[in-house]
Structures are given as C-alpha cells and as structure tokens.
Amino acid sequence: MSIVIDAHSDTLLFVSRGLYRLNDDSADAQVDIPKLRTGGVTAQVLALYVESAYQRAPAHRTCELIDLAYRECAAASSAMLVATSAAEVRAAKTTNQIALLLSIEGGEALECSLAMLRIYHRLGVRLLGLTHNPRNLLADGLDASAAPGGLTPFGRDVVTEMERLGIVVDVSHLAEPGFWEVMAMAARPVIASHSKVRAVGHPRGLSDEQILALAKTEGMLGINLYRLQELDAIVEQIDHVRELVGSDYVGLGLDFYGRAEAPRDLQDISQLPRLSDRLQQRGYPSREIDNIMGENFLRVFGAVTG
C-alpha cells in the first residue's frame, strides 16, 4: 500500500488546549488518529509552534509540546508512535500505526542556542521551520518588513548545524532574501512544508524561481490548502509545479486550521482520498500520485535524517 504523508498540521496545539485528544474521533478535529486512519495517512508532521502567549519562554513551551506528543503516543501506543527516520515511517505502515514526525515551527524555540537545537534532535525533532511570519533571531519572516533581510549569523549557524545533525530545513514563512541564502548554503534537500504557488494567484506563495531552486536541492514543496475554496484549487497548484519541475518535487502540507478555512470538498483529513481520486481523473499516472501523496516527502526525509 502507498505511503501518504501530510507535512504540516497544528493539531497538537488544539490538543494542548484540551479541545480533544489525538486518539479521539472528535467532531471538532480536522486531524486526529481516527481521521488519519480513514484518510489512509501513514505519517503526520506535527508542528511545535510557540504561540504569542508563550513567547517569554519559547524553549519551555516547545518542550511541553514535545512531552505532550510523547504522552499522547504512550496513551495509545498501538495507534501511533513518534518516528525519526524514513525506515520507522515505513515500519509504522506495516504495524498499522500512524507515524508522528515532530517539527519546530519558528526558531524562537532555540533561544539563540545551538545546544537547544542538539537537545531537540535528541528528543526526536527532525524538521525545523526557520521562521513563522515575524522576524526572529534566525531570519525575517514574510511579515517582518516591507524590505526584509536574510539570515542572521546565528541563522546561518543553525542551518549548518541542522544539516550536520540531520534535521530537515523548512523555508515556509521565510522571507525571500533568507530563502536565497538557504539555497546558497544547502548541501541537503530543503522543503517548503506548507506553502502555495505564486503563479496561480497566491502572492505570498513561492515564485517559479524559488520552486526551481527547491527542486535543485532535491527538495520539495508541500501544498497548503488554507483558505482555498475547492479541491481543484489544490490540484491547480500541483499541476503548476509538475509542469515547471516535475511531479517529484511536490507533496502535501495541508495545514488544516478550521473547517471554514478548508475547501468545501476536503473538510478534514479523512477525506484525503478525494485528492488522489481527482489526480487520477486528471490523468496522473499511479506512480506520480503515489509520489505526490507521500513518497516525495519520504525521499527527502530519508535523505536528510538517514
């Protein structure tokens, strides 16, 4: 059976607020273990995002979220596990478990310490998005300034150490000058885990030049469905990337964040087979569909993490 991976979800934040448990089949959840199973998902990337209320102690909050992920797994160990390698993701498929991959969203969590990056790696973190939308100590995000800057010296040190450790560099939300600095430094594949495509009507999305650069690193773009009205709008973005660089460099970073923000025909992750069906209807070969739905991400994940 094929590997299916969603490269971005904030569902752990909702669990941390007590709205539901990961193993619940909750009417309030767009992403939980029962819905992932119904949707045929093999692995879900969980974002460890430090909300503004916790910014005075971002490392403390990040550790709380990591602990929460492990506690949720311990409470339902037959259903899910934290995976740190591509081999563990494939093994989870054979044992009918959902693999959870831990991803820090925003370098604030490092508190300007490479030691914290190494500690997070020991705790199972295998992806890190350098910024959210504001500026931090690594770089400028998309909303930092009308004339954003690139990576800081610490940001460059972080990228170098991430590649040494085997942590995937994620450039979603990163302002363009920083993006190009990452591209100049990259010795391993780089991803934009949950972004859109500028050329099909999303001004904050990646330009064709950026998508070409990601592909040159053997990385990938995960398509984000946030505030799209129809499933075909996701397919339109996939079509564009496929035509530009080929289907080996595009995947899913769905970013479910409320039903009002999701396409009418893809309201939660249990409905994800509708996307593969739509790609088949558009004439995509089975191999390409498998790659888009998960194998592309797993290739990158394996190349970086070992």
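# Legends to the close-up views

**View A. H121 has a relative accessibility of 18% and therefore counts as buried.** The cut-offs are under 20% relative accessible area for buried and over 50% for exposed, with partly exposed in between (1.4 Å probe, protein chains only). The model is predicted: local features need pLDDT of at least 70 and side-chain atom pairs count only at pLDDT 80 or more, whereas totals for chains, interfaces and linings use all residues. Residues are numbered from 1 along each chain as its sequence is written, and side-chain values use heavy atoms, with hydrogens and water left out. H121 belongs to helix α5, residues 114–122. Helices (H or I, at least four residues) and strands (E, at least two) are DSSP runs, numbered from the N terminus. Leaving aside residues up to four places away in sequence, H121 touches R126, L165, G166 and I167. A contact means heavy atoms within 4.5 Å.

**View B. Strands β4 and β5 run parallel and are joined by 4 bridges.** Two strands are taken to pair if DSSP finds at least two bridges between them. Strand β4 covers residues 98–105, and strand β5 covers residues 125–129. L102 has V125 of β5 as its bridge partner. Strand β5 is mostly covered, with 5 of its 5 residues buried.

**View C. Strands β6 and β7 pair in the parallel sense over 2 bridges.** Strand β6 spans residues 168–170 and strand β7 spans residues 190–195. Opposite V190 in β7 stands V169. Strand β7 is mostly covered: 6 of its 6 residues are buried.

**View D. R188 sits in the loop between α7 (176–185) and β7.** The relative accessible area of R188 is 26%, so this residue is partly exposed. Not counting residues up to four places away in sequence, R188 touches E163, R164, G166, T217, A303 and V304. R188 and E218 are 30 residues apart along the chain, and their C-alpha atoms are separated by 7.7 Å. G166 is among the residues that R188 touches, and H121 also touches G166.

**View E. Helix α8, residues 208–216, has Q210, I211, A213, L214 and A215 buried.** The buried residues of α8 pack against α7, β7, β8 (220–223) and α9 (231–245). An α-helix has 3.6 residues a turn, so residues three or four places apart point the same way. E218 follows α8 and has a positive phi, near 70°.

**View F. E111 and D255 are non-glycine residues with a positive phi.** Most residues other than glycine have a negative phi, and most peptide bonds are trans. For E111, phi is about 50°. E111 lies in the loop between β4 and α5; its relative accessible area of 41% makes E111 partly exposed. For D255, phi is near 60°. The loop that holds D255 runs between β9 (250–252) and α10 (273–281). D255 counts as buried because its relative accessibility is 9%.

**View G. E51 is placed in the loop between β2 (43–49) and α3 (58–75).** With a relative accessibility of 16%, E51 counts as buried. Its contacts, not counting residues up to four places away in sequence, are with L13, R17 and R61.

View H. The C-alpha atoms fill a box of roughly 45 × 45 × 35 Å, taken along the principal axes. A compact globule of 306 residues would have a radius of gyration near 19 Å, and the 18 Å of the protein chain agrees. The radius of gyration is taken over C-alpha atoms, and the globule rule is 2.2 Å times the number of residues to the power 0.38. Of the 306 residues in the protein chain, 60% are buried. Among contacts with a separation of 6 or more, 70% are between residues 24 or more positions apart. The accessible surface comes to about 11900 Å², and carbon and sulfur atoms hold 51% of that surface. Accessible areas come from the Shrake-Rupley method with a 1.4 Å probe; for residues, only the protein chains shown count as cover. There are 29 positive and 39 negative side chains, and the centres of the two sets lie 3 Å apart. Lys and Arg count as positive and Asp and Glu as negative, while His and the chain ends are not counted. Each charge is placed at NZ of Lys, CZ of Arg, CG of Asp or CD of Glu.
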